[in-house]
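Welcome, and please take a moment to look over the sequence and the model below. A short briefing follows, grouped by topic.

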Amino acid sequence: MKKLLTTLAILALFAAPGFAQSMAGGYVNLDSPAAVNPGDTGVEFKFYVYNGSVDTEWTADVIFTFPTCFTVTGGYYDDGGLGWVFIFNAAGNVASFNDGDAGYGEIYDGDAGYFYVTVDVGAGCPAGPASVHWFQQGDIWGADPHFVEGDVDFTIGGTATGESTWSSVVRMRPASCS
């Protein structure tokens, strides 16, 4: 009996990585801002990132891709004092936060944190609906899926200039007012 239990314990150790460790259930919310304007500088976006893994997959990387007319200028992570560290990198319109200690990751299943990204909005950004694409990568332990991704929406303000907008209407005076 002892030999059987020992064998089962050893098999369980080797089988654990094969259990599905899924990032499904994870999500990102945009807390602020709801709108920006072309030409704005130093705008801070605040994202709430939740790891909804149903088992023990940790979040190792979080990437935010802004519209191409944006430039990422800074970023940081706030875990509420738990001490987890993400390393921030900016490349054009992309903000990346990567596992800071080469461990399993920085956000464990059922936990969350706030990510702050500072951007400059290009003066030529078109007005209207816009989105930030987010990608949350797990620690690659176990079976798929090891990531979740999606989009959060916001608005780029300004004056619309399409032919069916009010700004394109020419004010006409009646002929009797000339």
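**A first look**

In this predicted model, four strands form an open sheet in the order β1-β3-β8-β5, and their pairing is antiparallel. β1 (27–32) and β5 (70–78) are the edge strands with a single partner strand each, so one side of each has no neighbour in the sheet. On average, neighbouring strands here are turned by 25° against each other, direction ignored (axes are lines fitted to C-alpha atoms, and angles run from 0 to 180 degrees between N-to-C directions).

Residues are numbered from 1 along each chain as its sequence is written.

**The whole protein**

- The protein has one helix and 10 strands (DSSP runs numbered from the N terminus: helices are H or I with at least four residues, strands are E with at least two).
- Starting at the N terminus, the order of elements is α-β-β-β-β-β-β-β-β-β-β.
- Among its 178 residues, 35% are buried (under 20% relative accessible area, with a 1.4 Å probe and protein chains only).
- Of the contacts with a separation of 6 or more, 70% link residues 24 or more positions apart (a contact means heavy atoms within 4.5 Å).

**Strand pairs**

- Strands β1 and β3 (residues 43–50) pair in the antiparallel sense over five bridges (strands pair if DSSP finds at least two bridges between them).
- Ser32 has Lys46 in β3 as its bridge partner.
- β4 and β9 run antiparallel and are joined by six bridges, with Phe64 opposite Trp134 in β9.
- β4 is also joined to β7 by five bridges, again antiparallel, and here Phe64 stands opposite Ala95 in β7.

**The nonpolar core**

- The largest nonpolar core holds 30 residues, and Phe45, Phe47, Phe64, Phe66, Phe70 and Phe115 touch the most other members (such a core is a set of buried Ala, Val, Leu, Ile, Met, Phe, Trp, Tyr and Cys residues joined through side-chain atoms within 4.5 Å).
- At least two residues of this core come from each of β1, β3, β4 (59–65), β5, β7 (94–99), β8 (112–121), β9 (128–138) and β10 (147–156).
- Leaving aside neighbours within four places in sequence, Phe115 is in contact with several residues, including Phe45, Phe47, Phe64, Phe86 and Phe97.

Note on methods: Predicted model: local features only at pLDDT ≥ 70, side-chain atom pairs only at ≥ 80, totals over all residues. Heavy atoms only, no water. Buried < 20%, exposed > 50% of the residue type's maximum accessible area, 1.4 Å probe, protein only.
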